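Please keep the sequence and the structure in view while reading.

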Amino acid sequence: MSEKNAPIWVKTVALDRALSSKMRRLSRRSMPFIPKYPGLEDPDGSSDEDDSSHRGIINWGWARGTLIEISEESESLGVHVIIEDEQNVYNKAQVLLPPDSFEEGDTVMGNSEDASLAEDLNMLSQLHEPAVVHCLQCRYASDKIYTAAGSILLAVNPFKDCSFFFNDIVMKRYRNNGEIKGDAQLPPHVYGLADNSYRSMISSLKGESSESSDQCILISGESGAGKTATTRFAMQYLAFLSQRRSPGAMSQRRVSARGNEVDVELQVLQSNPILESFGNAKTVRNANSSRFGKFTLMHFSGEGLITGASIETYLLEKVRLLSQADGERNYHIFYEVLKGMDDTELNKYFLTNKTAEHFKLTNASGVYDRGDGTDDGEQFLDIVDAFDNIGIAQETKDKILAVTCALLHASNLSFKSLSEDESKLDEENAHFDPFISLLGVTGETLNKHICSVSLQFGKETHLKSLPKDKAEKGMESFIKATYDALFTRVVQLINASISTKEQESKKATIGVLDIFGFESFTTNSLEQLCINYCNEILQRQFNSAVFMKGQEEYEREGIDWDFVSYPDNRSVLDLIDSGKPSIFNHLADQSKLPRATDKGFASAIYKSFKTNKHLEATNQQVTNLKFSVAHYAGLVEYDAKGFLNKDRDELPKGAAEMLFSSSNEFIKELAAIISNPSSSESIAGGANSTSSVKKRMGSSRDTISAKFRRQLRGMRQKIDSMNPHFVRCLKPNDELVPDYFDPVMIVDQLRSGGVVEAVRISRTGYPQRFSFSSFVDRYWMLGCEVVGQTPVTKELVEALVTVIGFDGVQVGKTTVFLRQQKSERLETLRRQRVNSSVIRIQAICRGYIAHKLYRKSLESIVQVQCYIRRMTSIAKVNRIRRQQVEEQAAMIIQCAVRCKKARSVLEGRRVRRQQLEEQAARES
């Protein structure tokens, strides 16, 4: 730090010690009052008199400033800096930091202002947490929401319309640049990342790369960070590339429900609005929050055309159906059908004059609008069109809407107490008849299976009536199970429509994973543990792809490399699932015991993991049946109360049987899913499939955690076999407002995602690598004098690297490793050499073509000249001949005239002589 006027970052705690000797509290994700949004208040509710002077101040741990001066003579006096950070309470202050006021790491050098808008964090000369946050903040202020972090794409949610950033014109720019591999350095974009995945797939299909042709785009982030939108944009771009792959390659065509043909790309994209309507809801963090995980696998032919797709879903949040927190809504579809249906449809489903305020499913929180400007009525029309384009028949679509509306009516059903132990449904309730009509069951059957339970005693079965409170709980479980089955069936129908047909070729796959982000609420239960476990798995995969595999390969190849430490969450995964014992193993054991309690489950955890450093349980937590797990993203406290009931997911025993008795075949398909969810993927619908499942109704159901763990294992196997591409979505603030960047939130997300460590390894490591043959095939033109016709060996590669002549390239045992900047420089040299060679070849070809054209022109000129001379000579000869004929004719005429004249004179003379003779005779 000897450079005068150099940018510098100082920890706020060091400034506190130097100026006030008072540690300012760093509140995680604290949101100060911002004048631009007067509705936002300090969450601490503090009312100090000097609070007004601190408006707009965010203490996120660092302050930006300028180093005034430091030298060896003045080092004993400390470091002089001036703080130049409008978001810091010490802004404009000149500070002397005595040696005893700061420790190592309390000050770090900053980057120049020009580097504040760096498109790739690798380009920052000073790489550390405050530099990364400042770069993201400056780019966000300039509406540059994408930033590269080596091979990772960071996407900061703008919370405003950025349609100018996502359109056909922008897609064409990235497509053209990807096709020609041009010199244009386009800014980071999800289109660019999707294009890289597509080009990697095509390269592998052509045999130009030894990596897997299957690609995977992993999109992660908190709720509200923009994962759903990013997924949609990535899929749109891949479909755009497929439709415009080549003029000679035709897109696959499918028949829609209307009978017209549509592109398969459109069908794949049209699955998004349907799934968002049935699986997304408004939460306090996000107006369109995905309440399930989704893995879309887009299948491609050898020519790069989409041939179909398949969708896998994970852990739909069923508890939302019956309770929503303040400021939240139920799933979008309920509000959309009520607002988007016309009068005929409303009457068909017994919803005339009904709104969201009339149903318990939709009025629990008192929130009826999405809050992001989306109109539910228009959205309903969009999903109707989507159903048609995908090819789902009108009859099936009507049945899906009938079940949706039936659940609205079900939420308003009421029960009557016949005694303390008996109850029945209130058949006078206005929603009773619509409900049984839409489900195709009788009122007697409904009462039998909801208000009573069948008990097996030997070979005899007896019905036991249920009290009112248990019957109400049974109805709630029925609603949750039916909606979950409906969602599963909708996904099955979509997959059946958009899947790759047998006669179509599937050569490669690009998967796009959009799954729930890390969650930590005031009260966290089984759902949060499952979600956070999933995020731990994805973080492990990220660590493996970015940190572990790269460094392990460096060691195998024997190149010079200093090992870089990185956060490893293997022990947390062992704690939750992989170890013996684990939290999920204890949960599975307790769920099998009919008399097990949440207290027994919690006690088993306390006993097994008493010394585990990743699980904490204070005396107060033990009393309240709580425990904390140290996840990669932070410490989360879980409440064990309710774990077993949620994991068992028990339904009224006769619920599935009641649905099987329905006169509606679609309802029977839902019953098959409810009775055996583990086999729901194979259910295609129809009597045969449902009857076969009905026979297995007695078989045990998977618990929620067991089913989720099985799904995650399948997902991990797929991801491990693919070439990953990472998108980290960042949420700039909790208020979902545009143009506000909260560094506290960003730094938390960067830490939990290991972004800074990933960039550091990317800078110090060798992200670009080639096999010997691939390296020589690609860069032989930079060292023609050494390549020749010799076989490809390590010595040849080393000679070629020496001729190229710059460092940043290491030759291993079988692979050539390049640093990112050197790889870009090498590509530039290659393009320059190729371009110069192309120009020379073009010059030679143009010279040859010009010479050939000249000779041909010369020959043509001679031919034309010969023709003209010939024609001229012929004309001249003809003219001479004509002149000779004319002269001869004139002579003949003249001769004839002269002869005539001579004859006339002679005749006159003869006549005259005769007359004279006659006169003489007369005279004589």
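The model is a predicted one, and the description begins with strand β20, which is joined by two bridges to strand β21, residues 626–631, the two running antiparallel. Within this pairing, E616 has S628 of β21 as its bridge partner.

Seen as a whole, the arrangement is an open sheet of three strands, in the order β20-β21-β22, with antiparallel pairing. Strands β20 (615–616) and β22 (634–639) stand at the edges and have a single partner strand each, so one side of each is left without a neighbour in the sheet.

Another open sheet of three strands has the order β24-β26-β25, and its pairing is antiparallel. Its edge strands are β24 (768–771) and β25 (809–811), each of which pairs on one side only. On average, and with direction ignored, neighbouring strands of this sheet are turned by 20° against each other.

Between β24 and strand β26, residues 815–818, there are four bridges, and these two strands run antiparallel; here Q768 stands opposite L818 in β26. Helix α27, made of residues 772–779, packs on the sheet and touches β24, β25 and β26, while its direction makes about 100° with that of β24. Helix α29, residues 794–804, lies across β25 and β26, and runs at about 165° to β25.

## The packing of α3 and α4

Helix α3, residues 168–180, and helix α4, residues 190–205, pack at an angle of about 35°, and their axes are 10 Å apart. The crossing of α3 and α4 is right-handed.

On the α3 side, the contact is made by V170, M171, Y174, R175, G178 and E179, and on the α4 side by Y191, G192, D195 and R199. Sorted by class, the contact of α3 with α4 has four nonpolar, two polar and four charged residues.

## A cavity and its lining

Rolling a probe the size of a water molecule over the atoms shows where empty space is left. In this structure there is one cavity of 30 Å³ or more, and the space in the largest cavity comes to about 40 Å³.

Which residues line the largest cavity? The lining is formed by T228, L275, E276, N280, S290, F292, K294 and D514. By class, this lining of the largest cavity has two nonpolar, three polar and three charged residues.

How values were computed
Residues are numbered from 1 along each chain as its sequence is written. This is a predicted model: local features need pLDDT of at least 70, side-chain atom pairs count only at pLDDT 80 or more; totals for chains, interfaces and linings use all residues. Side-chain values use heavy atoms; hydrogens and water are left out. Two strands pair if DSSP finds at least two bridges between them. Axes are lines fitted to C-alpha atoms, for helices over the stretch in contact, and angles run from 0 to 180 degrees between N-to-C directions. A crossing is left-handed if the near helix is turned anticlockwise from the far one by less than a right angle, and right-handed if clockwise. Contact means heavy atoms within 4.5 Å. Ala, Val, Leu, Ile, Met, Phe, Trp, Tyr, Cys and Pro count as nonpolar, Asp, Glu, Lys and Arg as charged, and the others, Gly among them, as polar. On a 1 Å grid over the protein atoms alone, a cavity is a set of points where a 1.4 Å probe fits but cannot get out, and a pocket is an open set with protein on both sides within 12 Å along at least five of seven lines; lining residues have an atom within 4 Å of a point. Grid points are joined across faces, edges and corners, and a volume is the space filled by probe spheres set on the points.
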